[in-house]
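Visitor: I should like to learn how to read the features of a structural model. May we take them one at a time?

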Amino acid sequence: MRARACLAVLLVAASATTALGQESYEASPGLIRVGGLLVFLSVEGPLSYLTLTPKDVPADAVRLGPVKGRGCQFALSTPAVGVSSLPRLSGAAGRGGFEKAIADIRSRHPELRGIYDVKVDDRLVGILGVFQRQCTEVTAQGFR
């Protein structure tokens with residue numbers, strides 16, 4: 001629900017800047033896509049994350065080097081068998097957003113004080129339309 005509200009605000013802001021002739025910022029909520037009759041959905045996906053740049057790192061910080069973390073969403077669907085009048089059933093769950101990926105980084109590096117120079121990748125694995133895994137992977141430079 002929060003992702004939808006954030007997306008609506010971003011779309012309104014984007015249309016306002018486009019009307020003014022400025023470049024627009026387009027965000028995608030990064031939620032896993034499921035088809036057929038949706039039976040269950042409880043997912044979180046990435047939308048936007050504000051990060052430090054190398055010049056914003058505190059002067060007393062000790063740089064740790066690269067740190068990585070990820071958060072994943074999973075989906076299952078009933079297989080499509082022949083030409084059936086029965087709809088495919090599907091469901092999805094998982095915390096695949098920045099919160100989970102950053103928590104993963106913090107669990108691996110308890111001394112971590114902050115991150116900067118963040119890069120984000122989305123990885124999607126699907127098997128015959130029955131199983132999907134979509135992960136948000138965060139790679140950053142860490143400091144303590």
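Visitor: How many aromatic pairs does the structure hold?

Guide: A pair of aromatic rings is described by the distance of the centres and the angle of the planes. Rings of Phe, Tyr and Trp (its six-membered ring) pair if their centres lie within 6.5 Å; planes under 30 degrees apart count as stacked, over 60 as edge-to-face and the rest as tilted. The structure, a predicted model, holds two such pairs. In one of them, Phe74 and Phe131 are tilted, at 6.4 Å centre to centre with 35° between the planes. Phe74 belongs to strand β2 (residues 63-77) and Phe131 to strand β5, so the pair ties together parts that are 57 residues apart in sequence. Strands (E, at least two residues) are DSSP runs, numbered from the N terminus.

Visitor: Which residues form the tilted pair at 6.3 Å centre to centre?

Guide: Tyr116 and Phe143 form that pair, with 40° between the planes. Tyr116 lies in strand β4 (residues 114-127) and Phe143 in strand β5, so this pair ties together parts 27 residues apart in sequence.

Visitor: Are Tyr116 and Phe143 buried or exposed?

Guide: Buried means under 20% relative accessible area, exposed over 50%, and partly exposed in between (1.4 Å probe, protein chains only). Both Tyr116 and Phe143 are buried, whereas Phe74 is partly exposed at 38% and Phe131 is partly exposed at 29%.

Visitor: What does the side chain of Gln134 reach?

Guide: The side chain of Gln134 reaches the backbone oxygen of Gly30 at 3.1 Å. Gln134 lies in strand β5 (residues 131-143) and is buried, with a relative accessible area of 12%.

Visitor: What is the mean pLDDT of the protein?

Guide: pLDDT is the predictor's confidence in each residue, from 0 to 100. The mean is 81, and 78% of the residues reach 70 or more. Over residues 3-21 the pLDDT is below 50. Where pLDDT is low, the predicted coordinates should not be read in detail.

Visitor: What conventions apply?

Guide: Residues are numbered from 1 along each chain as its sequence is written, and side-chain values use heavy atoms, with hydrogens and water left out. Local features need pLDDT of at least 70, side-chain atom pairs count only at pLDDT 80 or more, and totals for chains, interfaces and linings use all residues.

How values were computed:
Helices (H or I, at least four residues) and strands (E, at least two) are DSSP runs, numbered from the N terminus. A polar contact is a pair of N or O atoms within 3.5 Å; within protein, one must be able to donate a hydrogen and the other to accept it, and residues adjacent in sequence count only if both atoms are side-chain atoms. Contact means heavy atoms within 4.5 Å.
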